[in-house]
Amino acid sequence: GCRLFRFQYTLHRNPSAKLGIKANLDAELGACCIREVDSDGRVALKNARLAGVPELRSQQLFVGDFLTIANGKTELAEIRTELSSSGMLHLAVERLLNPWPCAEHPVRVNTTVTADAVRREEHHGPLLVDGGTGSTTASTAPAATGESSG
């Protein structure tokens, strides 16, 4: 069978700041599957910091990772709400050690983080950066569409 790598991912953000992930709701698995990580979102900034620490590199969020719990919530609708609006996110993440695409749609990775974005992050700190548009940034569409944008 498939082996899973499980880890916890914590992120502090201004709730209006862009989370920067797109995910598909998978009702069969009971999880959100990340299908895109935007380069200008909070997740990409945290990933850039984790990438600089060899012991923590494996705990970055990647395309294909499954979010199974968000702030103690396990229902997909509740996970969607937490991703959309919470300032503090505690996520349970599962990664297949032999991953495959989790959706019928092509998976696109956009994880380039500019040095300016990292400097802004370091200067303002995780709770003060507001790179969002005020719109929902981690919203998810109904499972029937298989789409989520943020």
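Here are some notes on this predicted model, taken point by point.

1. Confidence, before anything else. The mean pLDDT of the protein chain is 73, with 63% of its residues at 70 or more. The part to watch is residues 102-150, where pLDDT stays under 50. The model still has 100 contacts beyond four places in sequence for that stretch.

2. Overall make-up. You get 3 helices and 5 strands in the protein chain, and reading along the sequence gives β-β-β-α-β-α-β-α. Among contacts with a separation of 6 or more, 72% link residues 24 or more positions apart. Keep in mind that this total uses all residues, including the stretch 102-150 with pLDDT under 50.

3. Surface and burial. Of the 150 residues in the protein chain, 40% are buried. The accessible surface is about 7,900 Å², and carbon and sulfur atoms hold 53% of that. Again, these chain totals take in all residues.

4. The sheet. The 5 strands make an open sheet with antiparallel pairing, in the order β1-β5-β4-β3-β2. At the edges sit β1 (4-12) and β2 (21-26), each pairing on one side only. On average, neighbouring strands are turned by 35° against each other, direction ignored.

5. A closer look at β3 and β4. Strand β3 covers residues 31-37 and strand β4 residues 66-70; they pair in the antiparallel sense over 2 bridges.

6. Helix α1 (residues 42-51) lies across β1, β2 and β3, and runs at about 115° to β1. Helix α2 (residues 76-85) also packs on the sheet, touching β2, β3, β4 and β5 (88-96). The direction of α2 makes about 85° with that of β4.

7. Cysteines. How many disulfides does the structure hold? The count is 0. Is Cys-32 buried or exposed? Cys-32 counts as buried, because its relative accessibility is 0%, and the limit for buried is under 20%.

How values were computed. Residues are numbered from 1 along each chain as its sequence is written. This is a predicted model: local features need pLDDT of at least 70, side-chain atom pairs count only at pLDDT 80 or more; totals for chains, interfaces and linings use all residues. Side-chain values use heavy atoms; hydrogens and water are left out. Helices (H or I, at least four residues) and strands (E, at least two) are DSSP runs, numbered from the N terminus. Buried means under 20% relative accessible area, exposed over 50%, partly exposed in between (1.4 Å probe, protein chains only). Contact means heavy atoms within 4.5 Å. Accessible areas come from the Shrake-Rupley method with a 1.4 Å probe; for residues, only the protein chains shown count as cover. pLDDT is the predictor's confidence in each residue, from 0 to 100. Two strands pair if DSSP finds at least two bridges between them. Axes are lines fitted to C-alpha atoms, for helices over the stretch in contact, and angles run from 0 to 180 degrees between N-to-C directions. A disulfide is a pair of cysteine sulfur atoms within 2.5 Å.
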